[in-house]
Amino acid sequence: MVTRTRRQLYQRIRQRLTAANLEDAAAEAGFLLEFLLEKPLPQLLMDGDLPVAEQTVQQAERLCEQRANRYPLQYLLGTWEFYGLSLQVGEGVLIPRADTETLVDFVRFCRQGEVQTKLLDLCSGSGCIPAAIAAHLPQVTGSAVEWESAAFYYLQQNLQQYAKEMQPIQGNVLDAVFAKRFSGYDIITCNPPYLTETDMQVLQPEVTFEPETALYGGTDGLDFYRQVTVYWKDALAAGGWLVYEIGMGQEQAVAEILWQNGFSDVVQRIDAGGIVRMVAGHQKL
């Protein structure tokens, strides 16, 4: 039996991922090696001549096979970084993306200098939005709503770690009667399903493993914006903000929905790629 060293295992993983035409094979190989050996990559490579157990080598081969079939790296690792936090993720929950950090930045800007913030996050998924906000603003309380049971599990875990004052609630954000139970929030955030019917036909292979219920927003991608705005606008306190993440090119349509529902000071923000990624409406005082 040939014993592999840490360095050789890293090279083997990288070769497997490169052969599978994965664009970031080197970076992903580093993530997988860290996951397998539970140490930072620089330390692992510095001690690169140390042997690796055969069981770990076999596990690496299984992970490479899954990743070569485009199973999401984030699901393999079981955690993913968002806004400086390490969040638990897995099958059935939308993977946090850097695009969503634009929304968190805006909420932090809106609430800077405030002593406390009452936050309501809808379509919460992993809870990445309330977790990040609570980790960077003082005295954040409120609720996070998610309907799907698989995602709700991860929401509970992540709020318990990063936002213990936020209550996870399993409920349907498209239920008008359910929405009437909520009131007095300074901020409502929502990253709803917003992909169009056309978008769903051309998904990247990795995205097909994520829950369709967290992706598909109706024929034009706007179903949730229309209903959530109507059902949940009264849950805001006077002067509150309804803050949406949006898909590329949806800014004008979502802004119109907010104006039609009595919001003023409708604003937009771009993400790191220069795409308008957030639209927010200010409730009149």
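## Report on a predicted chain

Ala 131 lies in helix H7. Helices (H or I, at least four residues) and strands (E, at least two) are DSSP runs, numbered from the N terminus. The model is predicted: local features need pLDDT of at least 70, side-chain atom pairs count only at pLDDT 80 or more, and totals for chains, interfaces and linings use all residues. Residues are numbered from 1 along each chain as its sequence is written, and side-chain values use heavy atoms, with hydrogens and water left out.

### Around Ala 131

Ala 131 is buried, at a relative accessible area of 0%. Buried means under 20% relative accessible area, exposed over 50%, and partly exposed in between (1.4 Å probe, protein chains only). Leaving aside residues up to four places away in sequence, Ala 131 touches Leu 85, Leu 87, Leu 159, Tyr 162 and Ala 163. A contact here means heavy atoms within 4.5 Å.

### The whole chain

The chain has twelve helices and nine strands. Its radius of gyration is 21 Å, close to the 19 Å that the globule rule gives for 285 residues, so the chain is as compact as a globular protein of that length. That radius is taken over C-alpha atoms, and the rule is 2.2 Å times the number of residues to the power 0.38. Along the principal axes, the C-alpha atoms fill a box of roughly 70 × 40 × 35 Å.

Buried residues make up 51% of the 285 residues. Among contacts with a separation of 6 or more, 65% come from residues 24 or more positions apart. The chain exposes about 13700 Å², and carbon and sulfur atoms supply 48% of that area. Areas come from the Shrake-Rupley method with a 1.4 Å probe; for residues, only the protein chains shown count as cover.

Charge comes next. There are 22 positive and 35 negative side chains. The centres of the two sets lie 4 Å apart. Lys and Arg count as positive, Asp and Glu as negative; His and the chain ends are not counted. Each charge is placed at NZ of Lys, CZ of Arg, CG of Asp or CD of Glu.

Strand S9 covers residues 276–282. It is mostly covered: seven of its seven residues are buried. Two strands pair if DSSP finds at least two bridges between them. S9 runs antiparallel to S8, with five bridges joining them. Strand S7 (residues 236–245) is also antiparallel to S9, again with five bridges.

Individual partners can be named. Gln 268 stands opposite Val 279 in S9. Leu 242 has Gly 281 as its bridge partner in S9. S8 and S9 form a hairpin with five residues between them. In the turn, Gly 274 has a positive phi of about 85°.

Ser 264 is found in S8, which spans residues 264–270. Ser 264 is buried, at 19% relative accessible area. Beyond residues up to four places away, Ser 264 touches Gly 281, His 282 and Lys 284.

Val 276 lies in S9. It is buried too, with a relative accessible area of 14%. Not counting residues up to four places away, its contacts are Ile 246, Gly 247, Glu 251, Gln 268, Arg 269 and Ile 270. Val 276 and Gln 88 are 188 residues apart in sequence and 27 Å apart, C-alpha to C-alpha.

Ser 124 lies in the loop between strand S3 (117–122) and helix H7 (128–136). Not counting residues up to four places away in sequence, Ser 124 touches Pro 130, Ala 144, Val 145, Glu 146 and Leu 155. Ser 124 and Glu 65 are 59 residues apart in sequence and 31 Å apart in space, C-alpha to C-alpha.

Most residues other than glycine have a negative phi. Asn 21 has a positive value, near 65°. Asn 21 is found between helix H1 (6–19) and helix H2 (25–37). Phi of Tyr 83 is also positive, near 55°. Tyr 83 is found in the loop between strand S1 (79–82) and strand S2 (85–88).

| Residue | Relative accessibility | Class |
|---|---|---|
| Ser 124 | 5% | buried |
| Asn 21 | 65% | exposed |
| Tyr 83 | 12% | buried |
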